[in-house]
Amino acid sequence: EIPKERAAIEVDLKTLEKYVGEYQVKQPNIVIKIMLEDGKLLGQVAWQSKFALLAESETKFFSKDVSATITFEKGADGKVTGLTLKQGGAEIPGQKIK
């Protein structure tokens, strides 16, 4: 499968703020921090460098820094409950812990 060129879209700042927090991923057992800096969503795993997250849709983000996508999950009340990390052919769920 040939990878398609991803196009980033703009997402409202209030929406991005809902994604900020810490997410516990079980395999491997790590915490992914999601933060907002200068209106941009960033991710960070443990001691590694921060990476920019670009919106592909309102809930799906990709990074040009690391080969991964993150899709945020919402509950029935609209609150963010977790995320799914797709990397290296694996889909790894994570739960929002903070």
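**Aromatic pairs and the core**

Modeller: Four aromatic pairs are found in the structure. Keep in mind that this is a predicted model.

Biologist: Why is the pair of Tyr19 and Phe61 called edge-to-face?

Modeller: The ring centres of Tyr19 and Phe61 are 5.6 Å apart, and the planes stand at 75°. Centres within 6.5 Å make a pair, and planes over 60 degrees apart count as edge-to-face. So Tyr19 and Phe61 are an edge-to-face pair.

Biologist: Where in the chain do Tyr19 and Phe61 sit?

Modeller: Tyr19 is in helix α1 and Phe61 is in strand β5. They are 42 residues apart, and the pair links distant parts of the chain.

Biologist: Why does Tyr19 count as buried?

Modeller: Buried means under 20% relative accessible area. Tyr19 has 0% relative accessibility, so Tyr19 counts as buried. Phe61 has 1%, so Phe61 is buried by the cut-off too.

Biologist: What makes Phe61 and Phe72 an edge-to-face pair?

Modeller: Their ring centres are 5.6 Å apart and their planes are at 80°, so this pair is edge-to-face. Phe61 belongs to strand β5 and Phe72 to strand β6, so the pair ties together parts that lie 11 residues apart in sequence.

Biologist: Is Phe72 buried or exposed?

Modeller: Phe72 has 3% relative accessibility, so Phe72 counts as buried.

Biologist: Which residues form the aromatic cluster?

Modeller: One cluster is made of Tyr19, Tyr23, Phe61 and Phe72.

Biologist: Which residues have the most contacts inside the largest nonpolar core?

Modeller: They are Tyr19, Ile34, Leu41, Phe61, Phe72 and Leu83. The core has 20 residues. Elements that give two or more residues to this core are α1, β1, β2, β3, β4, β6 and β7.

Biologist: What is Ile34 in contact with, leaving aside its neighbours within four places in sequence?

Modeller: Its contacts include Tyr19, Tyr23, Leu41, Leu53, Ile70 and Phe72.

**Strands and turns**

Biologist: How do you know that β6 is mostly covered?

Modeller: Five of the seven residues in β6 are buried.

Biologist: What makes β5 and β6 a strand pair?

Modeller: Two strands pair if there are at least two bridges between them. Three bridges join β5 to β6, and the strands run antiparallel. In one of the bridges, Phe61 has Ile70 as its partner.

Biologist: How many bridges join β6 to β7?

Modeller: Seven bridges join them, and β6 and β7 run antiparallel. Thr71 stands opposite Thr84 in β7. These strands form a hairpin with five residues between them. In its turn, Gly78 has a positive phi of about 90°.

Biologist: What joins β7 to β8?

Modeller: Six bridges do, and the strands run antiparallel. Gln87 stands opposite Ala90 in β8. The hairpin of β7 and β8 has two residues between the strands, and Gly88 takes a positive phi near 60°.

Biologist: How many bridges join β1 to β8?

Modeller: Three, with β1 and β8 antiparallel. Tyr23 stands opposite Lys96 in β8.

**The outside and the whole**

Biologist: Why is Asn29 called exposed?

Modeller: Exposed means over 50% relative accessible area. Asn29 has 60% relative accessibility, so Asn29 counts as exposed. Asn29 is found in the loop between β1 and β2. From Asn29 to Phe51 is 19 Å in space, C-alpha to C-alpha. In sequence, Asn29 and Phe51 are 22 residues apart.

Biologist: How many helices and strands does the protein have?

Modeller: One helix and eight strands. Along the sequence the pattern is α-β-β-β-β-β-β-β-β.

Biologist: What makes the protein as compact as a globular protein of its length?

Modeller: Its radius of gyration is 13 Å, close to the 13 Å that the globule rule gives for 98 residues, so the protein is as compact as a globular protein of that length. The C-alpha trace spans about 35 × 30 × 30 Å along its principal axes.

Biologist: What share of the residues is buried?

Modeller: Buried residues make up 36% of the 98. The protein exposes about 6500 Å², and carbon and sulfur atoms supply 51% of that.

Notes. Residues are numbered from 1 along each chain as its sequence is written. This is a predicted model: local features need pLDDT of at least 70, side-chain atom pairs count only at pLDDT 80 or more; totals for chains, interfaces and linings use all residues. Side-chain values use heavy atoms; hydrogens and water are left out. A nonpolar core is a set of buried Ala, Val, Leu, Ile, Met, Phe, Trp, Tyr and Cys residues joined through side-chain atoms within 4.5 Å. Buried means under 20% relative accessible area, exposed over 50%, partly exposed in between (1.4 Å probe, protein chains only). Helices (H or I, at least four residues) and strands (E, at least two) are DSSP runs, numbered from the N terminus. Contact means heavy atoms within 4.5 Å. Rings of Phe, Tyr and Trp (its six-membered ring) pair if their centres lie within 6.5 Å; planes under 30 degrees apart count as stacked, over 60 as edge-to-face and the rest as tilted. The radius of gyration is taken over C-alpha atoms; the globule rule is 2.2 Å times the number of residues to the power 0.38. Accessible areas come from the Shrake-Rupley method with a 1.4 Å probe; for residues, only the protein chains shown count as cover.
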